[in-house]
Structures are given as C-alpha cells and as structure tokens.
Amino acid sequence: MFFDPGTGLETPSTSRHTAHGPEYVWYDELEPFFLCGKSLVVYQHGNRDKGGADEAIKRRAGELKAALRCQRVWAVRWHGVQTRTYFLIPAVEHIPRMEQAVRGLEESRWCLDGHFSVTVV
C-alpha cells in the first residue's frame with residue numbers, strides 16, 4: 001500500500017482535528033493496513049527538522065517502527081534538489097523479498113552515484 005500524504009507524517013505541532021490535520025497521515029491510520037498483512041510505502045517530503053535530514057529520517061523511522069510494532073523499516077532517501085524519503089515497512093512475510101530488492105538498489109548506480117541512500121531501522 002502506498003501512502004502519499006499532502007504534507008507528510010503526523011507531527012505534534014498539528015492536531016488531527018484542525019484545518020491542516022487531513023494533510024497528514026497519522027500512524028494509527030497506517031496500522032489497520034499493516035495488521036492485515038500489507039507492506040507499506042510512505043512518502044515524506046524533506047523538511048528542515050532540527051538536527052538535519054539524517055536525524056529526522058532516523059526519528060521518523062523509529063516512530064513508525066514503534067507505532068506499527070514492525071520488525072524493520074527502510075528509509076530510501078532521494079538526494080535531489082529537495083530531499084524526499086520513502087519509508088518501506090514490510091509485512092513479516094515480505095521481509096526476505098524486500099531485503100533482496102533493497103540490496104539490489106544499494107548495489108545499483110542509483111545509490112552508487114549518490115542519487116539515493118538507504119537507512120535501516
């Protein structure tokens with residue numbers, strides 16, 4: 001399942017029930033899909049979080065892992081003009097195949113030439 005929220009993942013500065021709340025995807029909205037055995041891909045715009053993009057990605061991946069109680073989260077980051085991150089959250093039975101796919105990406109020119117990087121949490 002692919003999620004592309006208008007603004008990004010939930011944030012403490014915005015309440016779900018405000019005018020901007022629907023622009024975000026909330027962790028508890030992802031949970032039903034994950035619990036029924038779906039692997040998830042969640043798109044996140046780059047932002048100017050304190051600590052930089054790498055820290056923001058690690059923090060978000062950790063939050064997703066805790067909220068969904070999943071075994072693994074890969075963060076695939078695009079290093080274009082503006083950073084974009086795709087969080088890959090595999091269902092348990094999809095982990096081996098997704099590991100193989102991520103390894104293939106890491107060994108490809110896309111990563112070797114610096115277009116993408118992968119972080120595992």
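This is a predicted model: local features need pLDDT of at least 70, side-chain atom pairs count only at pLDDT 80 or more; totals for chains, interfaces and linings use all residues.

Reader: Where does arginine 60 sit, and what is it in contact with beyond its sequence neighbours?

Author: Arginine 60 belongs to helix H2. Helices (H or I, at least four residues) and strands (E, at least two) are DSSP runs, numbered from the N terminus. Contact means heavy atoms within 4.5 Å. With neighbours within four places in sequence set aside, arginine 60 touches Leu9, Glu10, Thr11, Tyr27 and Phe87.

Reader: What makes the link between the side chains of arginine 60 and tyrosine 27 a polar contact?

Author: A polar contact is a pair of N or O atoms within 3.5 Å; within protein, one must be able to donate a hydrogen and the other to accept it, and residues adjacent in sequence count only if both atoms are side-chain atoms. The side chains of arginine 60 and tyrosine 27 are joined at 2.9 Å.

Reader: How do you know that the span of H2 agrees with its number of residues?

Author: The expected span is 1.5 Å times one less than the number of residues. For the 17 residues of H2 (residues 52–68) that gives 24 Å, and the end C-alpha atoms are 24 Å apart, so the two agree.

Reader: Which residues of H2 are buried, and what covers them?

Author: The buried residues of H2 are Ala56, Ile57, Arg60, Ala61, Leu64 and Leu68. Because they cover an arc of only 130° around the axis (taken from the directions from the helix axis to the C-beta atoms), they lie on the same side of H2. Their cover includes helix H1 (27–35), strand E4 (40–45) and strand E6 (84–89).

Reader: Which residues of H1 are buried?

Author: Tyr27, Leu30 and Phe34 are the buried ones in H1. They cover an arc of only 60° around the axis, so they share the same side of H1. Their packing partners include strand E1 (2–3), E4, H2 and E6.

Reader: How many aromatic pairs does the structure hold, and why is the one between phenylalanine 3 and phenylalanine 33 called edge-to-face?

Author: There are 5 aromatic pairs. Rings of Phe, Tyr and Trp (its six-membered ring) pair if their centres lie within 6.5 Å; planes under 30 degrees apart count as stacked, over 60 as edge-to-face and the rest as tilted. Phenylalanine 3 and phenylalanine 33 have ring centres 5.3 Å apart and planes at 65°, so the pair is edge-to-face. Since phenylalanine 3 lies in strand E1 and phenylalanine 33 in helix H1, the pair ties together parts 30 residues apart in sequence. Phenylalanine 3 is buried at 14%, whereas phenylalanine 33, at 30%, is partly exposed.

Reader: Why is the pair of tryptophan 110 and phenylalanine 116 edge-to-face?

Author: Their ring centres are 6.0 Å apart and their planes are at 70°, so edge-to-face is the label. Trp78, Trp110 and Phe116 form one aromatic cluster.

Reader: What makes E1 and E7 edge strands?

Author: Two strands pair if DSSP finds at least two bridges between them. The open sheet of 5 strands has the order E1-E4-E6-E5-E7, with mixed pairing, and E1 and strand E7 (116–120) each pair on one side only. E5 and E7 run antiparallel and are joined by 5 bridges, with tryptophan 78 opposite phenylalanine 116 in E7.

Reader: Why is E5 described as largely enclosed?

Author: Because 4 of its 5 residues are buried, the rest of the structure largely encloses E5.

How values were computed. Residues are numbered from 1 along each chain as its sequence is written. Side-chain values use heavy atoms; hydrogens and water are left out. Buried means under 20% relative accessible area, exposed over 50%, partly exposed in between (1.4 Å probe, protein chains only).
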